[in-house]
Amino acid sequence: MRIAFIVPGPPVPCARARVVSRPGRKTRAVTPSKTRAYKVHVAWYARVAVATLRQPATGSPPPSIWPLDATSYGVRLMVYREADRGDADNFYKGVVDACHGILWSNDMRITHALVEMFIDRKNPRVEVEAWTR
């Protein structure tokens, strides 16, 4: 089974969480707000794509629901950036983390991954394709 969707807008690479410690309080890791906001953005488009799979076409039975419990998944990302900045692995991590619980129950089940990077100043986006293996 395959699913594909486009996340419009400039891609945001996953930034490292910062460790914050205050006297008298526990130390904690804080994810940068830009990274958190982008993951919410990606998750919304992933949910819409899964919901679209569940809607029946006219006159036909609904297709099977996207399997969260498959033994392995493949994913392909086509990252169209505004400028030549950001590492492929950081873009990958942000999108894959955002899809946790929507496309897969655990990203360690992704056994095949391909990330392609392009420059598109007029229409930055990420095209996501995932499939069960």
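**Briefing on the predicted model**

Tyrosine 80 is buried, with a relative accessible area of 13%; buried means under 20% relative accessible area, exposed means over 50%, and partly exposed lies in between, as computed with a 1.4 Å probe on protein chains only. The model is predicted, so local features need pLDDT of at least 70 and side-chain atom pairs count only at pLDDT 80 or more, while totals for chains, interfaces and linings use all residues. Residues are numbered from 1 along each chain as its sequence is written, and side-chain values use heavy atoms, with hydrogens and water left out.

**Overall architecture**

- The protein chain has two helices and six strands; helices (H or I, at least four residues) and strands (E, at least two) are DSSP runs, numbered from the N terminus.
- Read from the N terminus, the order of these elements is β-β-β-α-β-α-β-β.
- Along the principal axes, the C-alpha atoms of the protein chain fill a box of roughly 65 × 40 × 25 Å.
- Of the 133 residues in the protein chain, 32% are buried.
- Among contacts (heavy atoms within 4.5 Å) with a separation of 6 or more, 77% are between residues 24 or more positions apart.

**Aromatic rings and charges**

- The structure holds four aromatic pairs; rings of Phe, Tyr and Trp (its six-membered ring) pair if their centres lie within 6.5 Å, and planes under 30 degrees apart count as stacked, over 60 as edge-to-face and the rest as tilted.
- One of these pairs is stacked and joins tyrosine 80 to phenylalanine 118, with 4.9 Å centre to centre and 20° between the planes.
- Because tyrosine 80 lies in strand β4 (residues 73-81) and phenylalanine 118 in strand β5 (residues 110-119), the pair ties together parts that are 38 residues apart in sequence.
- Phenylalanine 118 counts as partly exposed, at 30% relative accessibility.
- The charged end of arginine 125 sits over the ring of tyrosine 80, 3.7 Å from its centre; this term requires NZ of Lys or CZ of Arg within 6 Å of the ring centre and within 35 degrees of the ring normal.
- Arginine 2 likewise has its charged end over the ring of tryptophan 131, 4.7 Å from the centre of that ring.
- Trp66, Tyr73 and Trp104 are linked into a cluster by ring pairs.

**The loop between α1 and β4**

- Leucine 68 is found in the loop between α1 and β4 and is partly exposed, at 34% relative accessibility.
- Apart from neighbours within four places in sequence, leucine 68 is in contact with Tyr73, Gly101, Ile102, Leu103, Trp104, Ser105 and Arg109.
- Leucine 68 and histidine 100 are 32 residues apart in sequence, yet 9.4 Å apart in space, C-alpha to C-alpha.
- Aspartate 69 is also placed in the loop between α1 and β4, and is exposed, with a relative accessible area of 61%.
- From C-alpha to C-alpha, aspartate 69 and leucine 103 are 9.3 Å apart in space, and they are 34 residues apart in sequence.

**Threonine 35**

- Threonine 35 lies in helix α1 (residues 33-54) and counts as buried, at 4% relative accessibility.
- Beyond its neighbours within four places in sequence, threonine 35 is in contact with Pro13, Cys14 and Ala15.

**The largest pocket**

- The largest pocket has a volume of about 200 Å³; on a 1 Å grid over the protein atoms alone, a pocket is an open set of points where a 1.4 Å probe fits, with protein on both sides within 12 Å along at least five of seven lines.
- Residues that line the largest pocket include Pro13, Lys34 and Phe91; lining residues have an atom within 4 Å of a point.

Methods:
Points joined across faces, edges and corners; volume = space filled by probe spheres on them.
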